[in-house]
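The sequence and the structure are shown first.

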Amino acid sequence: MEVSICKTLILPLLTIVLFISLPQTATAANEAYTNFVKTKCNVTTYISLCQKTLIPYASSVKTNSTKLCKAALDVTIKGAKNASTTVSTLKKQKGITRIEASIIKDCIEDVKDAVYELKQAVDAMGHLGDKEKEFQLANAKTYASSVITDADSCTDGFSGRKVNPSVKKMINSSMANITKLASNALALINHLY
């Protein structure tokens, strides 16, 4: 009889202890993953932007530096696509001059190139386990760096031309965001090994 009372009391008690400890374990793991992202972001130029954009990926990245780099590239792709949408809407505005339309058209192409290069960088990161690890890593760095060049190329289109300040401001802001995100991704890739 004592054994059955003991079993009756211990089993529920162990179940309660287990359920109480599980959330704490999950919370501790999530905190560790968040701290991992924060620490890795310290090598970037735009630390607060890095943390803001990558902490939401902490639970899927865990403590995997390669996954963090891929997440940074994915965030940059989203930023470039958003910039493309912003620049494309400018093209449809009334009162755009031919010079502005030409600059916008070139800029849209630059952003498309950036998205393509970011996808190539993600692909290269996916091949780091291959025999040609160093080659793939160099490719990822080159592609990520090219994104910054594309954004600069877009804003260089304004150089020496008379352009509506609001158009220029919108494009400059969009390209600055791409540049910062790509810079952070590149810094993480550069510190991968």
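Predicted model: local features only at pLDDT ≥ 70, side-chain atom pairs only at ≥ 80, totals over all residues.

## Disulfide between Cys107 and Cys154

Cys107 and Cys154 are joined by a disulfide, with their sulfur atoms 1.8 Å apart. The link of Cys107 and Cys154 is left-handed, with -85 degrees about the S-S bond. The pair connects distant parts of the chain: Cys107 lies in helix α5 (residues 98–125) and Cys154 in helix α6 (residues 133–156), 47 residues apart.

Cys107 has a relative accessible area of 0% and is therefore buried. Cys154 has a relative accessible area of 2%, so Cys154 is buried as well. The threshold behind both assignments is a relative accessible area under 20%.

## Disulfide between Cys41 and Cys50

The link of Cys41 and Cys50 is left-handed, with -70 degrees about the S-S bond. Cys41 and Cys50 are both buried.

When the bonded cysteines of the protein chain are numbered in sequence order, the pairing reads 1-2, 3-4. Cys69, by contrast, is in no disulfide; the nearest cysteine sulfur belongs to Cys50 and is 9.7 Å away. Cys69 has a relative accessibility of 2% and so counts as buried.

## Helices and burial

The protein chain has seven helices and zero strands. From the N terminus on, its elements follow the order α-α-α-α-α-α-α. Of the 193 residues of the protein chain, 35% count as buried.

Helix α4 (residues 65–91) has 27 residues. From its first C-alpha to its last, α4 reaches 39 Å, close to the 39 Å expected at 1.5 Å a residue. At the start of α4, a side-chain oxygen of Asn64 comes to within 2.9 Å of the backbone nitrogen of Thr66.

## The loop position of Tyr46

Tyr46 is placed in the loop between α1 (2–41) and α2. With a relative accessibility of 30%, Tyr46 counts as partly exposed, because this value falls between the 20% limit for buried and the 50% limit for exposed. Tyr46 and Ala187 are 141 residues apart along the chain, and their C-alpha atoms are separated by 9.9 Å.

How many cavities of 30 Å³ or more does the count give? The count comes to one. The volume of the largest cavity is about 40 Å³.

The lining of the largest cavity consists of Cys50, Thr53, Leu54, Ala72, Val75, Leu181, Asn184 and Ala185. The elements that contribute two or more residues to this lining are α2 (47–54), α4 and α7 (165–190). By class, the lining residues of the largest cavity divide into six nonpolar, two polar and no charged.

Terms used:
Residues numbered from 1 in each chain as written. Heavy atoms only, no water. Helix = DSSP H or I, 4+ residues; strand = E, 2+ residues; numbered from the N terminus. Expected span 1.5 Å × (residues − 1). Polar contact = N/O pair within 3.5 Å; in protein donor to acceptor, adjacent residues only side chain to side chain. 1 Å grid on protein atoms, 1.4 Å probe; cavity = no way out; pocket = protein on both sides within 12 Å on 5 of 7 lines; lining within 4 Å. Points joined across faces, edges and corners; volume = space filled by probe spheres on them. Nonpolar A, V, L, I, M, F, W, Y, C, P; charged D, E, K, R; others polar. Disulfide = S-S within 2.5 Å. Buried < 20%, exposed > 50% of the residue type's maximum accessible area, 1.4 Å probe, protein only.
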